[in-house]
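Subject: Structure for you, with notes on its charged residues

Hello,

Please find the structure below. My notes on its charged side chains follow.

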Amino acid sequence: MAHMLIVDDERSICELLEISFRKEGHRVEVATNGEAAKRRLASQMFDIVVSDICMPDMDGVELLRYCKEVSPATIFILITGVPTIDTAIGAVNFGADRYVIKGDRLLDELRPAIQQVAESLALKKEAGYLRRELRRLTGLDHMIGTAPKMRAIFELIENIAPQSSRVLITGESGTGKELVARAIHENSARAKDPFITINCGAFPETLLESELFGYMKGAFTGANENRRGLFQAAHGGTLFLDEIGNMSVTMQVKLYRVLQEGKVRPIGSTDESDVDVRVIAATNKDLEKEIAEERFREDLYYRLSVIPIHLPPLRERREDIPLLAREFLERFSKSMGKNVDGIDPEAMRRLEVYDWPGNVRELENTIERAVALESGNRVSTEALPDRIRSHSQGSMVLPPHNGNGATLPQEGLNLEEHIQQIERSYLLAALEQSGGVRTQAAGLLKMSYRSFRHYAKKYGV
Ligand SMILES: Nc1ncnc2c1ncn2[C@@H]1O[C@H](COP(=O)(O)OP(=O)(O)OP(=O)(O)O)[C@@H](O)[C@H]1O
Ligand SMILES: [Mg+2]
């Protein structure tokens, strides 16, 4: 049966549809405003959305557009009490799957559409799964991100991948540096040839040298035979030098020479051989600072950073958190054979306000743990680690006007949205503290019950 979301500011319509479709065996959820619906769409997977067009806070067409962006496969049905040609055209143009007019026949009109969706669902799920698997094996699609910074990076990757120019990827731990390196390789003509990774920080200097360049039999004790280095093994393909910032200065000199001349000489050999390898390097260190402190050679830096790519930390692209969380949820739920297919709005809010020092990897591990712990079919706050559950929203709260000023992210922020988020989170916090007693929650926020109700309605809490 289908998982449905009903969106309408008219409670009677919500109730009518909820009761009828529940009776028919569907899993039905309700949102009474556009914002609440958006949050659900961000945190869960729905097969069908039935949404009103005219709502006080948001136009149904805007919700439709959002839905098609985060979840293109969801069937979206628009309903309206005041049919006009304009809205009908808008609905169709933005990809609504149906357009139904409210009235006595609303249920009769909706029922066959929903039935049809439910029937083809099993089939679709299978096909969607196959398509996603296919995409995951190719191209950039296993990298998720809709934040403008990430889109720009994807575009850059597609543009530079076909050439063989060297790339230096920087970014905090867990931001996806290795994933970017692979995407570059996979989108290049070298894709059929090897992609070889070496963690330069994990080897003592002499070992790293023999790993990279190879050695001749007898070159040192223990060298019992000739061995090719990774440069040669990667011939025609890509060599990914991870943690380049941890490479010793002597090795940096040797690497510089290889990059300069395009030739490698195995340890103990007098012959050099040409290698055709694209080098991609990555580090979570600030190399310019390392250069200033003479731990990294400037000449090597310029050789490596022909194309620099900087991956922003997750806390600077929070809009990607719900998408990533859902992707990981689907992945782990499947691999663990569980039926966890959504994230509670409150749990999602926690994920969205947390600072993620370990970035995408930390989020991935968090969801894996949550799926493992969860016995129901949605991730609840209880399944989140303490540090995330009890994270005070320090970064979201504007400091008082005492002259200290707020910290503004480099790219600026949408103040109105930001303040709304703050209002909403205090509202939830007050409800939590008062055990759901609204009059008490209003008191905690020093507001009248009337204004509390107004806000609660506005934010769908
Ligand atoms: N945009 C993304 N979409 C989907 N998964 C991602 C994304 N970015 C990172 N990941 C996942 O997060 C994890 C960490 O990514 P990756 O290993 O590429 O990070 P890293 O920057 O190399 O980290 P480190 O500096 O610790 O080596 C991986 O499991 C990766 O698949
Ligand atoms: Mg890495």
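The side chains of E24 and R111 form a salt bridge, with N and O 2.6 Å apart. The term means a side-chain nitrogen of Lys or Arg within 4 Å of a carboxyl oxygen of Asp or Glu. This pair connects distant parts of the chain, 87 residues apart: E24 sits in the loop between α1 and β2 (27-31), and R111 in helix α5 (residues 106-137). Helices (H or I, at least four residues) and strands (E, at least two) are DSSP runs, numbered from the N terminus. E24 is partly exposed, because its relative accessibility is 30%, and R111 is partly exposed at 29%. Here buried means under 20% relative accessible area, exposed over 50%, and partly exposed in between (1.4 Å probe, protein chains only).

Before you go further, note that this is a predicted model: local features need pLDDT of at least 70, side-chain atom pairs count only at pLDDT 80 or more, and totals for chains, interfaces and linings use all residues. Residues are numbered from 1 along each chain as its sequence is written, chains are lettered from A and ligands numbered from 1 in the order in which they are written, and side-chain values use heavy atoms, with hydrogens and water left out.

The whole structure holds 34 salt bridges. Another one pairs E209 with K254, whose closest N and O atoms are 3.0 Å apart. E209 belongs to helix α8 (residues 205-213) and K254 to helix α10 (residues 249-261), so the bridge ties together parts 45 residues apart in sequence. E209 is buried, because its relative accessibility is 16%, whereas K254 is partly exposed at 26%.

R389 and D386 also form a salt bridge, at 2.7 Å between the closest N and O atoms. Both residues lie in helix α16 (residues 386-389), 3 residues apart, which is about one turn of the helix. R389 has a relative accessible area of 30% and is therefore partly exposed; D386, at 53%, is exposed. Elsewhere, salt bridges with shared partners join E24, R105, D108, E109 and R111 into one network.

What gathers in a patch of negative charge on the surface? The residues are D9, E35, D57, E416 and E417. Such a patch takes residues with over 30% relative accessible area and no salt bridge, joining like charges within 9 Å; Asp and Glu count as negative. D9 is in the loop between β1 (3-7) and α1 (11-23), and is partly exposed at 31% relative accessible area.

Regards

Note on methods: Patches are made of residues with over 30% relative accessible area and no salt bridge: like charges are joined within 9 Å, nonpolar side chains (Val, Leu, Ile, Met, Phe, Trp, Tyr) within 5 Å. Accessible areas come from the Shrake-Rupley method with a 1.4 Å probe; for residues, only the protein chains shown count as cover. The place of a charge is taken as NZ of Lys, CZ of Arg, CG of Asp or CD of Glu.
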